[in-house]
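Please take a look at the protein shown here.

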Amino acid sequence: MEATSAAHFSSLPTPSRRLAQMRRRKKRTRDEMFSEIMEVTRNERAHLREWKDVVAKYRKEASECEDRRDKREDRRDEREDRRDEREDRRDARDERCRQEDQRWREATLELLRDQTDILRRLVDLQEEQR
């Protein structure tokens, strides 16, 4: 038992060794803390990059959606403009037709007046001849 105790005692670190081990442990702990801090920082940066990517993707999709809506509105406005132009042309054509009809009616009325005058004169001539 003495031999075991002596062997055990000799395997125990000397106070200077224990102090060196404690210093190494302390240093390792500092290194571990530094490594942990660096790991947390890397994770936070990765998380921040992911968040920025999500926000950028959202903004891009929102911008594309707005662009599509603007294009739809532009197409609708163009269709309305074309419709308005067609209506304007149709209105102008209708107005020309109304004017033409009015001139035709006036010409027809003038012709009927002339024919009426001719008939009156013929009737007057016939009466004179009787």
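This is a predicted model: local features need pLDDT of at least 70, side-chain atom pairs count only at pLDDT 80 or more; totals for chains, interfaces and linings use all residues.

Residues are numbered from 1 along each chain as its sequence is written, and side-chain values use heavy atoms, with hydrogens and water left out.

**The whole chain**

The protein chain has two helices and zero strands. Both terms refer to DSSP runs, numbered from the N terminus: helices are H or I with at least four residues, and strands are E with at least two. Helix H2 covers residues 15-129.

How much of the chain is buried? Buried residues make up 0% of the 130 residues. Here buried means under 20% relative accessible area, exposed means over 50%, and partly exposed lies in between (1.4 Å probe, protein chains only). The accessible surface of the chain comes to about 13,000 Å². Carbon and sulfur atoms hold 52% of that surface. Such areas come from the Shrake-Rupley method with a 1.4 Å probe, and for residues only the protein chains shown count as cover.

**Surface patches**

Patches are made of residues with over 30% relative accessible area and no salt bridge; like charges are joined within 9 Å, and nonpolar side chains (Val, Leu, Ile, Met, Phe, Trp, Tyr) within 5 Å.

Ile118, Leu119, Leu122 and Leu125 make a nonpolar patch of about 380 Å². Ile118 sits in helix H2. Ile118 counts as partly exposed because its relative accessibility is 48%.

A positive patch is also present, and its members include Arg68, Lys71, Arg86 and Arg96. Lys and Arg count as positive and Asp and Glu as negative; His and the chain ends are not counted. The place of a charge is taken as NZ of Lys, CZ of Arg, CG of Asp or CD of Glu. Arg86 lies in helix H2. With a relative accessible area of 42%, Arg86 is partly exposed.

**Salt bridges**

Side chains of opposite charge can pair when their charged atoms come close. A salt bridge here is a side-chain nitrogen of Lys or Arg within 4 Å of a carboxyl oxygen of Asp or Glu. The count is eight salt bridges. The table gives some of them.

| Pair | Closest N and O atoms |
|---|---|
| Asp77 and Arg76 | 3.9 Å |
| Glu80 and Arg76 | 3.8 Å |
| Arg103 and Glu100 | 2.8 Å |

Which residues are linked in a network of salt bridges? They are Arg76, Asp77 and Glu80. Glu80 and Arg76 are four residues apart in helix H2, about one turn of the helix. Arg76 is partly exposed at 38% relative accessibility. Asp77 is partly exposed at 33%, and Glu80 is partly exposed at 32%.

Arg103 and Glu100 also both lie in helix H2, three residues apart, about one turn of the helix. Arg103 is partly exposed, with a relative accessible area of 46%. Glu100 is partly exposed too, at 43%.

**Cysteines**

A disulfide is a covalent bond between the sulfur atoms of two cysteines. The rule used here asks for a pair of cysteine sulfur atoms within 2.5 Å. How many disulfides does this rule give? The count is zero. Cys65 is partly exposed, with a relative accessible area of 37%. Cys97 is partly exposed at 42%.
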